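Subject: Structure handover

Hello,

I am passing this structure on to you. Please open it and keep it beside this note while you read.

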Amino acid sequence: MELHDGEIDSQIHQSCVTTSMTPDLPLTLVDKPNKRRRKKSIVWDYFTVQTVEDGCIRAYCNQCNKSFAYITGSKLAGTSHLKRHIALGICPVSRERNQSNCAPTTFTNGNAANPPRKRYRATPTFVSIPFDQNRCNHDIAIMIIMHEYPLDMVEQAGFIDFVRSLQPQFNMMSYATVQEECTSIYLREKESLLNFVCGIPSRISLSLDVWISSDTTCYVFLKGHFIDNNWNSHCLMLNVVRIPSLKDDALNLAVLTCVSNWRLDGRVFAFTVDQSFLSDTLARNFRTFLVANDPNFLNGQLLLGNCLAQVLCQLAQSALSSMSEVVWKIRESVKYVKTSFVREEKFLELKGQLQVPCTKELSIDNQTKWDTTFHMLTAACELKEVFLYLKESEPTNEPDPSNELSISTDDWKVAETLCTYLKYFFDVANILTSPCYPTANVFFPEVSKIQTELTNASMSQDPLVRDMTKPLKDKFDKYWNDSCLVLAMAVVMDPRYKLKLVKFIFSKVFVQNEEDWTRIVDYGLRDLFLQYTMETLTLSESFGEDGNIDISINETHQEEHQGEIYLTTGDGLSDFDVYISEISENEQTKSELDRYLEEELFPKSQEFDVLSWWRLNRYRYPTLSKMAYDILSMPVSTVPHDSVFDTEIQRIDSYRRSLPPAILEALICTRDWLRYGSLLSPSPSTEMSDAIVKREI
């Protein structure tokens, strides 16, 4: 059994004491302690043991002569505290020597140069880490960027004292120094990202969001959406441009700045903007400007889409506003319960007695986020029976709670109807809250569901449903008419649905003329495919004459091979050979798009990843896969994923407004890039998604 030094020393000295008290013991028993005493701890190179009085032995430091308890009667203090005295610099003489030598004192076999072997439970070890001022400057700048700390924190007394207590050698940064370091990080990250963007085969789609400051100055946030060579989807902040107002020339200049900085001339595929802050004239002029800069694709039909998150927010606010009286009553009732511990306990007790099967927790909403109001109403509707019994159980000597709990049966019906349609909006908006920006193919089924439900509800025989949903349908019609074709093209790129889902949904939405709408989508796809095919042919011409020679050799070989077949065939099936040849020629004349649309649908599964499918099938559909690159990366929303449910316009705070525009852009963009992580690292679910797709194939 292995013994620690403290246990060995204890046995040694205990044996010494026993031997001195019993001198007549045999010599063999006395010799054993002598053998063990030679295995004493290395701490005794620095301490001397002296007997102070009977039964009391103390250890004296050889350097500072300070005494420590070692043996008192039958109690042994051990050596751990002695080691700490020397190794941790408690001894003043040892500490002075360490500072003069610029190296900590550690032990190994009596040598103070190297760390000891791990022979004790807690051995103090010291690692000499060289101080790096530049590395510290870089880390402080990264901290400020990531956590949005003010730049002047490096000049605040509390922060300076804290840093100096950690590292006295650190030369504290000034405001100008930290600003320069943040800019340097931004330029390095931007250069890396620019090289990455220039190397991808796909086009870039842009989204534009506008923030307002207290002095009505506007800040344009431009994000880039694209798919890289490994079929990973990206959504990255590209520019933050300050403009005086939302005028044509100012907004156009912000977009031109982004296109120029990131070398996107002729590479912009789609453009999404919150059109609620654009007047009809401004929106029309903005579209004309975009088309003039890149008129190739569908005459600019893809170049200006509306923000889905803002459309859903406006619908939710409109619905809540139309039933504001009922919403207010329920909110006050929830407050009445939640603001009193006694009432809340009584409420939960009644819920248990009534056995109400509700798993939702009652909560007061945050009126700046409409999803919290939806959750409050949903939970309250499921607990309406408890609210009724709580009102009846109130004692008569209590203040009359009728003002808070006066929710009638009709009010509950209104609230339940309201929740029904808010649920459609919430389900679609919730997709946009994913940190990984969703591909465009997922939105057509969900958006069409809203259109179908609102259309049916607006013609309902129930006046409550009809009056509530008719204004909502009128608002949503504009978004549906502007976006349904683009979203339909995106869902065609999903091999689980293709054009069949478009036909099915259009048959429900456009009952009279669904074939016309389906034909428009089909024509749009073929027009787009033709343009990509022309680009591919243009690129292939750049390979020179070698490509033509290869093609002619293949064609000659094929003709010779076919001639050989006809000459050698003597079984009377030459007509069959001609038939097979014609079928082969027909198959060869079919485009990739035709072959893709005619193939069977891919089996549906929850784990299916459309990007993994296209990655595995890009060689079967080389031109169509280039279309999928661009169509699937089209943005449908402009707001960050954590602001999807916000009901208030995004505002720049006073601190950010005080920063120079270039510094503000550097801080915001760099934070987005650092949070996003490495661009070149594949998605962690890539291998699993590939395995699912391969298994189904």
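Is T439 buried or exposed? T439 is buried, as its relative accessible area is 12% (buried means under 20%, exposed over 50%, partly exposed in between, with a 1.4 Å probe and protein chains only).

Some ground rules. This is a predicted model, where local features need pLDDT of at least 70 and side-chain atom pairs count only at pLDDT 80 or more, while totals for chains, interfaces and linings use all residues. Residues are numbered from 1 along each chain as its sequence is written, and side-chain values use heavy atoms, with hydrogens and water left out.

Back to T439. T439 sits in the loop between α15 (409-431) and α16. Helices (H or I, at least four residues) and strands (E, at least two) are DSSP runs, numbered from the N terminus. The T439 side chain makes a polar contact with the side chain of N441, at 2.5 Å. Such a contact is a pair of N or O atoms within 3.5 Å; within protein, one must be able to donate a hydrogen and the other to accept it, and residues adjacent in sequence count only if both atoms are side-chain atoms.

Next, the helix pair. The axes of α16 (residues 443-458) and α17 (residues 463-492) come within 8 Å and cross at roughly 150°. Axes are lines fitted to C-alpha atoms, for helices over the stretch in contact, and angles run from 0 to 180 degrees between N-to-C directions. The two helices are therefore roughly antiparallel to each other (over 145 degrees; under 35 is roughly parallel, 65 to 115 roughly perpendicular, the rest oblique).

Now the strands. β6 (residues 218-227) and β7 run antiparallel, joined by 10 bridges. Two strands pair if DSSP finds at least two bridges between them. L222 has N239 in β7 as its bridge partner. Strand β7 (residues 233-243) has 9 of its 11 residues buried, so β7 is largely enclosed by the rest of the structure. The hairpin of β6 and β7 has 5 residues between the strands, and W231 there takes a positive phi near 60°.

Why look at phi? Most residues other than glycine have a negative phi. Two loop residues also have positive values. T216 has phi near 70°, lies between β5 (204-212) and β6, and is exposed at 54% relative accessible area. Q355 has phi near 55°, lies between α12 (341-354) and α13 (370-382), and counts as exposed at 66% relative accessibility.

Best regards
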